[in-house]
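Welcome to this tour. Please open the model in your viewer and keep the selection tool at hand; each stop tells you what to pick next.

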Amino acid sequence: MERDFVAFKEALAFKESQGKYEIVNTLGYLGKYQFGKTTLARFDIYDTQHFLKTPILQEKAFVALCKVNKWILRKDIRRSEGKKINGILITESGILAAAHLSGAGNVKKFLRSNGSQHFSDAYGSSIASYLKKFANYDLSNIVAERLAKV
């Protein structure tokens, strides 16, 4: 299987929601990629029912979030890619997956502390587990963009 952006987003979606567009988890995260309402608001998406029923909107929001996270984390990607932290090879795709889980700020803290600043979500998924699980996908077609739009 090719490890390109399509494979990355589908693997991440399966981990987040089993790839189901209309799912809402117990914490209120929405859709195939389990977006929080605050993240959706960043992209001017406020109608959560419309969001849940519109797969193309969810796909566009995911791409936009990857672009924004790649821009926010661009220096950390450059500094950390190829290094090992706690035995985990750091890759751009792992970093972007971890940012999807925990937010770019928590990923920065993890990387800059050499792994001593931990983060896990309410279900026990950690930055370290996402760095490992989603390593080595080719995301070169995702361009870092500070103000990406949906």
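Is serine 125 buried or exposed? With a relative accessible area of 11%, serine 125 is buried, because the cut-off for buried is under 20%. Keep in mind as you go that this is a predicted model.

**Stop 1: serine 125**

Select serine 125 and colour the helices on either side. You will find the residue in the loop that runs between helix H7 (104-112) and helix H8 (127-133). Now show what surrounds it. Apart from neighbours within four places in sequence, serine 125 is in contact with Lys15, Leu101, Phe119, Ser120 and Tyr130. Zoom in on lysine 15: its side chain makes a polar contact with the side chain of serine 125, at 3.5 Å.

**Stop 2: a patch on the surface**

Click on tyrosine 29, which sits in the loop between helix H1 (5-17) and helix H2 (37-42). How accessible is tyrosine 29? The relative accessible area of tyrosine 29 is 35%, so tyrosine 29 is partly exposed.

**Stop 3: glutamate 59 and its partners**

Hide the surface again and select glutamate 59. This residue is found in helix H4, and at 13% relative accessibility it counts as buried. Which residues touch glutamate 59, beyond its neighbours within four places in sequence? The contacts are Lys9, Tyr21, Lys32 and Tyr33.

Two of these partners deserve a click. Pick lysine 32 to begin with: its side chain makes a polar contact with that of glutamate 59, at 2.9 Å. Then pick lysine 9, whose side chain meets glutamate 59 in a salt bridge of 2.8 Å, N to O. This pair links distant parts of the chain, with glutamate 59 in helix H4 (residues 55-72) and lysine 9 in helix H1, 50 residues apart.

Glutamate 59 and glutamine 49 are 10 residues apart in sequence, and their C-alpha atoms are 15 Å apart in space.

**Stop 4: following the charges**

Side chains of opposite charge can pair when their charged atoms come close. How many salt bridges does a search of the whole structure find? The search finds eight.

Lysine 9 counts as buried at 13% relative accessibility, whereas glutamate 10 is partly exposed, with a relative accessible area of 34%. Select Lys9, Glu10, Lys32 and Glu59 together, and you have a network linked by salt bridges.

For another salt bridge, select arginine 112 and aspartate 76, whose side chains meet at 2.8 Å, N to O. Here too, distant parts of the chain are linked: arginine 112 is in helix H7 and aspartate 76 in helix H5 (residues 74-80), 36 residues apart. Colour the two by accessibility to see a contrast. Arginine 112 counts as exposed, at 53% relative accessibility, while aspartate 76 counts as buried, at 2%.

**Stop 5: the aromatic rings**

A pair of aromatic rings is described by the distance of the centres and the angle of the planes. The structure holds eight aromatic pairs. Start with phenylalanine 5 and phenylalanine 8: their ring centres are 6.2 Å apart and their planes lie at 35°, so the pair is tilted. Both residues lie in helix H1, three residues apart, which is about one turn of the helix. Phenylalanine 5 and phenylalanine 8 are both buried.

Since phenylalanine 5 lies in helix H1 and phenylalanine 62 in helix H4, the pair ties together parts that are 57 residues apart in sequence. Phenylalanine 62, like phenylalanine 5, is buried.

How values were computed
Residues numbered from 1 in each chain as written. Predicted model: local features only at pLDDT ≥ 70, side-chain atom pairs only at ≥ 80, totals over all residues. Heavy atoms only, no water. Helix = DSSP H or I, 4+ residues; strand = E, 2+ residues; numbered from the N terminus. Buried < 20%, exposed > 50% of the residue type's maximum accessible area, 1.4 Å probe, protein only. Polar contact = N/O pair within 3.5 Å; in protein donor to acceptor, adjacent residues only side chain to side chain. Contact = heavy atoms within 4.5 Å. Salt bridge = Lys/Arg side-chain N within 4 Å of Asp/Glu carboxyl O. Phe/Tyr/Trp six-rings, centres within 6.5 Å; stacked < 30°, edge-to-face > 60°.
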